[in-house]
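Subject: Structure handover

Hello,

Here is the structure for you to look at. My notes follow below it.

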Amino acid sequence: MINQKYIDLMNQEFDGANSAEQSRDLEDYLSGHEEARTYYRELALALNVFEKVAMLNPPPELGDEILSRLEDRTGTRSNTRSGGMLAACRNLFRLRLQPAYAYTFIGGLVLGLVLFAGSTWLTSGIDPELSEQVRGMASHQQWVMEYGNETTLTYPGISARYHILNDGPVLRFHLELSSDLPAVIRFHTERNTSSSVVEMSHQGADSYDLTFSQDVDIPSRTTFMIYSEGRLIHTEILNEKGK
Amino acid sequence: MANTDAQLAIQFQNGDRKAFTMLVARYEKPIFNTAYRMVKNFDDAADITQNAFIKAYEKIDTFNPSYKFFNWLYKITVNETLNLINRRKRRREFEYDPPAHLPSPEDDLELNEMGHYLQSALNAMSYDQRIVIVLKHLLLLPYSEIADILDLPEKTVKSRLFSARHVLRKELLKQGYMR
């Protein structure tokens, strides 16, 4: 029988929501309870199914169908909306809790008025080339591609490329990571009765070469995770021996 | 530098329709996938995706840019999904609609292999458990944002998520996925 408190801690561990003390408490509990270790492993494998299931592609015509339905409604909408300047003022008011937005908006507004002297700046379109770039970048939430032993990961604001060389007693891992936001790279190794965590903070573009020693006779598993803004965005089991 | 969702939403509120086109391109795929995992039907998922964007378009004036756009859009999607499930419950016994959209060959393979395990496990869950686990593990949202989208306390989200994971594990064991 597994204590419910530890089932909750296992779940929180997967979400990166445990404090250091809670993680230690969980590790101690797992080291002394085989049933709990089995449950933890099975839960990890079950959650891994989401990693293995790719995002499906919507029907190719869906985007056009949406835009075409919107075209039909344009007239109705334009008659019921307030004017551009009024809408801009209303948005500025709504953004009062975010000074950075407000300052950016005011700066842009002043510059636009000076440059175009009351022209149609507020309703001008976006540069078509930029629009295409954005569309290309935006066509996915998360994109994982695997070629041989190399994996490429694309996520808004983050891109990574890594490969693994599992060479008997040594696991070599090469990672190139580029991230606009602060990210955390985490390696969690579980062995029979113990576990260890290697964690690194990251921002900008960098590459990492890591080597993990592994005893081929001891069952172990090393899981690689990337967190961004406290959110787990990628996880992969790098090796699994005897589990 | 790509525009943020909030910037695109403001541009659209100010009359720039291209901005909305970009939001559709950005969120069409995750919205469709969320809907598909909830209703397990390609056509229904496409309908939900269309309706969610149409609603978002119609209600864009009510969107507050200090709020996350995708949370707002997912909230609309969750409501549309629930509406469709309720409509289908009433209709399904009497009508059969031939499918208008079919998955691509590569997606068909996906649905027949790994996706089958996942979908069967999701089907064994209650609606409340399914939506939470889909938002958490498919869209990778944190507890706080799921709570926001579903109008639930974070504590309830965690409790539903943990019980959904328990069902997932049990169903995958039953299907022999972990052998």
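Predicted model: local features only at pLDDT ≥ 70, side-chain atom pairs only at ≥ 80, totals over all residues.

B:Tyr74 is buried, at a relative accessible area of 1% (buried means under 20%, exposed over 50%, partly exposed in between, with a 1.4 Å probe and protein chains only). B:Tyr74 pairs edge-to-face with B:Tyr27, with centres 6.3 Å apart and planes at 90° (rings of Phe, Tyr and Trp, the latter by its six-membered ring, pair with centres within 6.5 Å; planes under 30 degrees apart are stacked, over 60 edge-to-face, the rest tilted). B:Tyr27 is buried too, at 4%.

Residues are numbered from 1 along each chain as its sequence is written, chains are lettered from A and ligands numbered from 1 in the order written, and side-chain values use heavy atoms, without hydrogens and water.

Now the contact between chains. A:Asp15 is buried, at 9%. Its side chain makes a polar contact with that of B:Arg165, at 2.5 Å (N or O atoms within 3.5 Å; within protein, one able to donate a hydrogen and the other to accept it, and residues adjacent in sequence count only through side-chain atoms on both sides).

On confidence, the complex has an ipTM of 0.80 and a pTM of 0.57. Chain B averages a pLDDT of 85 (the predictor's confidence in each residue, from 0 to 100). Over B residues 93–97 the pLDDT is below 50.

Best wishes

Notes. Contact = heavy atoms within 4.5 Å.
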